[in-house]
Amino acid sequence: MAKRFHIEPFDEGTLVKLELLKLYVRSWLHVFISAQKVFWKDIFIYDFFSGAGMDSKGKPGSPLVILNELRVHCPTIVQKGLNVRLLFNEPQSDVFDNLKSNISDFFVECRTKSEFNCCKNCSTDDNCPFTVKFSQKEFNPFFSEIYPHMAKKPDLPRFMFLDQFGIKQITEDIFQKLTSLKRTDFLFFISSSFVRRFSELEEFRQYLKVEKEDFDESRPEHCHRVILNYYKRMVQNPEYYLAPFSIRKVANIYGLIFGSNNPRGMEKFLDAAWTIDKNTGEANFNIDNDKIISGELSLFPEDNKIKKIDLFERNLLQWLTDEERTNEDIYFFTLSNGMRKTHATDILKKNVSSLKITTTDKIRKGYFYLGYKPDKHLKIKKNE
Ligand SMILES: C[S@@+](CC[C@H](N)C(=O)[O-])C[C@H]1O[C@@H](n2cnc3c(N)ncnc32)[C@H](O)[C@@H]1O
């Protein structure tokens with residue numbers, strides 16, 4: 001199956017994965033390239049499992065998804081003098097040849113279309129305002145080779161896409177390294193159903209040590225959440241952010257895990273995920289078996305709610321009843337529950353009459369200023 005990946009059209013699940021990559025890369029590039037003030041001149045994107053660049057029908061795979069998002073920024077990259085560096089890695093030689101040829105076609109198209117003034121000057125790939133490097137290596141030894149260089153400059157903005165086949169590549173050691181880089185965001189793919197099925201096999205346990213008891217056998221569709229918790233337990237830093245996105249392909253569940261040291265990174269990822277899945281923000285299927293999604297309306301109104309949103313509402317209100325919280329606390333609480341700021345704001349607005357809000361700042365009625373290091377400071381407590 002692995003070998004056929006690029007000589008067949010991408011399946012629905014793969015298209016969802018690539019859509020999420022596209023939306024996240026779009027906001028990530030916006031933060032590091034379009035921001036008014038330039039904090040970092042050097043920006044890195046790594047696609048460690050590049051594949052051929054497209055499927056058999058010419059649909060963009062991860063390398064072209066990234067390039068298409070980047071090309072719109074060419075004028076800004078030139079104007080701001082940024083060094084944007086891309087790395088595409090693909091060890092299988094025939095796939096690697098296709099990758100190089102597809103990316104070379106991308107540059108020819110850029111030059112001939114000349115949509116952006118700066119591309120007119122790019123008479124060769126070398127004149128392009130960003131650089132592309134290729135490598136043809138096995139991920140694990142390759143990452144170990146380049147990691148010490150990255151660790152010397154952990155503050156540089158990096159985005160890594162790790163689209164492995166199966167489960168073997170994001171070991172505990174690799175995961176610790178990824179999370180230790182301060183300004184690195186990553187998105188990796190994993191075959192979660194396979195972990196659920198084979199977690200007890202010794203051969204499997206050399207890569208991942210997920211316990212069989214961690215899985216709820218009555219809920220196989222939740223297996224990617226279990227994988228997320230497995231990686232969460234490895235993180236020492238309480239201010240590190242991880243989020244899942246489950247992808248069903250026929251009978252199997254796969255998934256993406258997003259990681260970032262930055263709450264704003266998490267916020268952007270959740271925005272992308274909720275754009276794709278408007279019900280739970282974390283799957284391309286009805287992950288909580290919500291009746292309202294499958295169109296089975298109940299006579300009891302409480303059953304006609306999306307469970308995840310309803311649970312968040314109850315938890316948030318209880319948590320605000322327990323203690324007074326700041327608007328920044330509420331923001332973190334919202335992110336750690338995999339929800340968007342708008343979810344929390346809507347709940348606060350709905351319950352405003354039972355909230356005690358104190359602030360010395362001048363605030364607009366109905367605004368809660370949820371965010372990281374907000375410029376207005378509120379304290380909010382819910383009456384019993
Ligand atoms: C799922 S595909 C990648 C698809 C690609 N990201 C896309 O969007 O089209 C996984 C790729 O990883 C490559 N691969 C397999 N084992 C690898 C390894 N150990 N290190 C790096 N790449 C590997 C395969 O040749 C394959 O092209």
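Author: A polar contact is a pair of N or O atoms within 3.5 Å; within protein, one must be able to donate a hydrogen and the other to accept it, and residues adjacent in sequence count only if both atoms are side-chain atoms. The model is a predicted one, in which local features need pLDDT of at least 70 and side-chain atom pairs count only at pLDDT 80 or more, while totals for chains, interfaces and linings use all residues. Residues are numbered from 1 along each chain as its sequence is written, and side-chain values use heavy atoms, with hydrogens and water left out.

In the side chain of glutamine 169, an N or O atom lies 3.4 Å from a nitrogen atom of the ligand. For glutamate 138, a polar side-chain atom is 2.7 Å from a ligand nitrogen atom, whereas phenylalanine 139 places a backbone N or O atom 2.8 Å from a nitrogen atom of the ligand. Of the 600 Å² of accessible area that the ligand has on its own, the protein covers 92% (areas come from the Shrake-Rupley method with a 1.4 Å probe, and for residues only the protein chains shown count as cover).

Around the ligand there are 20 residues, and the closest are Ser62, Glu90, Glu138, Phe139 and Asp163; a residue is counted as near if one of its heavy atoms lies within 4 Å of the molecule. This shell divides into 8 nonpolar, 8 polar and 4 charged residues, where Ala, Val, Leu, Ile, Met, Phe, Trp, Tyr, Cys and Pro count as nonpolar, Asp, Glu, Lys and Arg as charged, and the others, Gly among them, as polar.
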